[in-house]
Amino acid sequence: MLRKILSFSGFTLLSRLTGFLRDVMMAAVMGAGPLMDVFAIAFKLPNHFRAIFGEGAFNSAFVPAYSHVRAQGGEEAARSFADRLFTGMLIVQLIVLALALVFMQQLVSLLAPGFTADPARFDLAVTLTRITFPYLLFMTLVTLVTGELNASDRYAAGAFAPVLLNLAMIGGLALAFLFPTSAHAVAWAVTVSGALQLALVMADAKRAGLLPRLRRFVWDSQMSRFFRTLGPAIIGSAGVQIAMFADTIIATLLPAGAVSSIYFADRIYQLPIGIIGIAVGTVIMTEMSRRLAAGDEAGAHRAQNRAMALTLVAAAPFACAFLVVPTLIMEALFARGAFTAANAAAAGQVLAAYAAGLPAIVLIRSAVSSFYGRRDTMTPLIASLTAVAVNVILKILLTSHFGAPGLAAATSVGAWVNLGLLVLLASRRGWMGADSHFIKTVACVATATLALAIAAWALEPHAARVAELAPRWRKETHLGLLGVAGAAIYAGALLTALRLSGVRFRGLR
């Protein structure tokens, strides 16, 4: 399992690194003002819907269903099942795209009401969103094909596909002089990247003998069972997206730059989520579905405990850094060109608020595997909607006092509520249980993270003085010095704690 996680994480890391380069270029070219705000909305809207209908709900329902059909009926039955779903999703997404293009003004008015007071900004948001919305069609199909590949233990193409998005957007920024604005250039690049990503996963599916074919959509017991699972999963994913829609709606009502602050803070925040949480969650979903289909309950629990332990080991130092030096991170990474020190400080406050919920966010994907692996999507739905209700109420209460950081803080609280409910409900049913290995690992991670926080607080002024000696790149040097020292301290403290507690790091595999 560790080999699969590392393979997925390696490509995801490449995606995040190219994404970072993309965001650095965007910050330098567009800054954190009105133009960036408009593009952020145009980019978010199709991604919100993709998360509802695509990777969020569909993958959670598809991988266990596909594994079950293949285990019961063989490869040909699984292929027929996947092909019929591919045909059905293609038809549905074409209809959604047509409706969105026709009613785009109403959609933008609903989801970005703060733009309606500025006709020029509103018209640009409508235009850009019409350009980016076909991305949803491509990515829904990418998600289906990737799910089939993942169920066959092929992770590379799906993990590499987002790199094409980043490369396309970088290319769009380089060619921005050919477009009315840089936002137009990047918007077209988003849609082009969707076509490239679909071509990539389809090529890998062809090599694996899994290339989807158009088949007449036939409703049978397998399809009925799948959609009974998918329905609650869609509502559950929609619940999470409701909270994100609330972020978008409320942020457009805040002063110019708030949407951009959330966007850039979220980009850094998503780095550990993508590399760790999604990578581990994707692999553990397949692993648990396969083990549970074979009746190996003990093996499924053991795999989940190891996956969650690995997740905490890798995510804890990110959360610590985001809490201790958030403004330095944003200054070192983005403060150049049109992105000012004030922009960095505003985004840093948002990043710190997000950091409080990072451990919960990265663990949720592993926790829901207890339910989705057993084709129970109703319980995660209840947990998700409860967390969303708390989240949205807190957004309304906190934003009036704290602005964009209040939105992020509400997201963090909602994540902990969601994770707490999932763990409680799964534990009551005997579907999840922390073994001694996991408990000891959590204690070791907490000890190492505390050591890291103290060291970062103590070393920060010394690193700043050393960085001042550099002729250029002082903020980058400052962050680099802290990063190297922090990594050494965290690794040393963690390995020492693991050894003293009797936990072998190899055992996490």
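Which backbone oxygen does the side chain of T132 reach at 2.7 Å? The backbone oxygen in question belongs to A42.

This is a predicted model, in which local features need pLDDT of at least 70 and side-chain atom pairs count only at pLDDT 80 or more, while totals for chains, interfaces and linings use all residues. Residues are numbered from 1 along each chain as its sequence is written, and side-chain values use heavy atoms, with hydrogens and water left out.

The protein chain has 19 helices and zero strands; helices (H or I, at least four residues) and strands (E, at least two) are DSSP runs, numbered from the N terminus. Of its 509 residues, 57% count as buried, meaning under 20% relative accessible area with a 1.4 Å probe, protein chains only. Among contacts (heavy atoms within 4.5 Å) between residues at least 6 apart in sequence, 84% join residues at least 24 apart. The accessible surface is about 20,200 Å², and 69% of this belongs to carbon and sulfur atoms; the areas come from the Shrake-Rupley method with a 1.4 Å probe.

T132 lies in helix α6, which covers residues 119–132. T132 counts as buried because its relative accessibility is 0%. Leaving aside residues up to four places away in sequence, T132 touches A42, P46, A187, V190 and T191. The C-alpha atom of T132 is separated by 8.7 Å from that of L45, although the two residues are 87 apart along the chain.

The side chain of T132 reaches another backbone oxygen, that of T129, at 3.3 Å.

Key. Buried < 20%, exposed > 50% of the residue type's maximum accessible area, 1.4 Å probe, protein only. Polar contact = N/O pair within 3.5 Å; in protein donor to acceptor, adjacent residues only side chain to side chain.
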